[in-house]
Amino acid sequence: MSVNSPVIGVVGGGQLARMMAAPAVEMGLELRCLAESADVSAVSAIVATTVGDYRDFATLNAFAETVDVLTFDHEHVPTEFLTELVARGVAVRPGPEALIYAQDKVKMRERIDELGLPNPAWRAVSSVAEVVAFGDEIGWPVVAKTPRGGYDGKGVAVLREKNDADAILEWFSSGQVLVEQFVPFERELSAMAARNASGDVAVWPVVHTVQVDGVCDEVYAPAPDLDATVAAAASEAARRIGSSLGIVGTFAVEMFQVGDSFLINELAMRPHNTGHWTQDGCTASQFEQHLRAVADLPLASVSVLGSGTVMKNILGGSNADLASMYASAWAAAPEAKIHNYGKSVRPGRKVGHVNMPISSNLESSLAKVREVVEIIREGKTP
């Protein structure tokens, strides 16, 4: 392990770990990865990669012994494993006492209530009958969520009426289910922030996110036409969550905008899809900031470059060789910044994203980024 600068270990070998590699090289930080398999996204980018199962404590502990700081590409490491590592003196960032609020949605709702921040109406229920009682009380439809394990729309169901409640019967085999009011929001927002181990917090401008089938599709940064009072309140909520929960690292607070207010939807305690725009649209990316935070270095400025950025995900389509269409994509928009995750292409799978600076107006930049993504995804020009 390093004497002067910390060796940072990342559990998980997905695209988030992969995108930590470039800023780590730029800053001269040594980055190591515990990857699920030899063919995941981060392996080709992080030279010091160990393949192993993070759900096996001996494997996780052996990896932790080779680094100074342990952080994450995802939030699925068993909490009891992380608690044991902390007891053994490992610097786990974010720690299990904070990470639990991203791992368990019921605990997250309880903590947001304790902080006096805006939650939708919610209840932890243990039976279909309790789901129906909740829906009858607050009104249908309602949203049901598995407290643990859900992401990108998985583990989430919209129950339109009481007869739909039977559809989640099998979820109760794992314990309680979270049910929430269905929020008729105007748009979804995300407040990305970072907190280092010394307690300093930096918050990026609040962005407008567009979800399709539960998966982030586009991000407009900063959120256009967002009232300054709402933006300030959302940023302050993120700052308060980071400080109160003791989060160390980059994190996301996803929100629903309702009129001149907002409700908190979910937390993510790692770099996040809604922060990918920062790679090309900000003085410091969320990945550089995450490394600074977990290494307890001073946080970078989060100033926006130019007029802002639009980000669009590349989901798997008919083109299996994304790079084969780079020439056509850049001919259409030379200012496009293409980020390829090095994954095999499957329909609907996140395989990359494109960032585009906002030039004359948001609409024209959106049209350009959509054109570029279509070229890459389908392997043909429009």
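Author: Lys-343 touches Gln-15, Ser-41, Arg-349, Lys-350 and Val-351, where residues up to four places away in sequence are not counted and a contact means heavy atoms within 4.5 Å. This is a predicted model, in which local features need pLDDT of at least 70, side-chain atom pairs count only at pLDDT 80 or more, and totals for chains, interfaces and linings use all residues. Residues are numbered from 1 along each chain as its sequence is written, and side-chain values use heavy atoms, with hydrogens and water left out.

Lys-343 lies in the loop between β17 (337–340) and β18 (350–357); helices (H or I, at least four residues) and strands (E, at least two) are DSSP runs, numbered from the N terminus. The Lys-343 side chain also reaches the backbone oxygen of Lys-350 at 3.2 Å. A polar contact is a pair of N or O atoms within 3.5 Å; within protein, one must be able to donate a hydrogen and the other to accept it, and residues adjacent in sequence count only if both atoms are side-chain atoms.

Asn-196 is placed in the loop between β10 (187–195) and β11 (201–203). Its side chain reaches the backbone nitrogen of Asp-200 at 2.9 Å. Leaving aside residues up to four places away in sequence, Asn-196 touches Val-248, Ala-293, Asp-296, Leu-297, Pro-298 and Leu-299. With a relative accessible area of 1%, Asn-196 is buried; buried means under 20% relative accessible area, exposed over 50%, and partly exposed in between (1.4 Å probe, protein chains only).

The cysteines come next. The structure holds zero disulfides, a disulfide being a pair of cysteine sulfur atoms within 2.5 Å. Cys-216 is in no disulfide, and the nearest cysteine sulfur, that of Cys-282, is 17 Å away. Cys-216 is buried at 5% relative accessibility, and Cys-33 is buried with a relative accessible area of 0%.

Finally, a pair of helices may be considered. Helix α5 (residues 96–103) packs against helix α6 (residues 105–114) at an angle of about 105°, with the axes 6 Å apart; axes are lines fitted to C-alpha atoms, for helices over the stretch in contact, and angles run from 0 to 180 degrees between N-to-C directions. α5 is therefore roughly perpendicular to α6, since angles under 35 degrees count as roughly parallel, over 145 as roughly antiparallel, 65 to 115 as roughly perpendicular and the rest as oblique.
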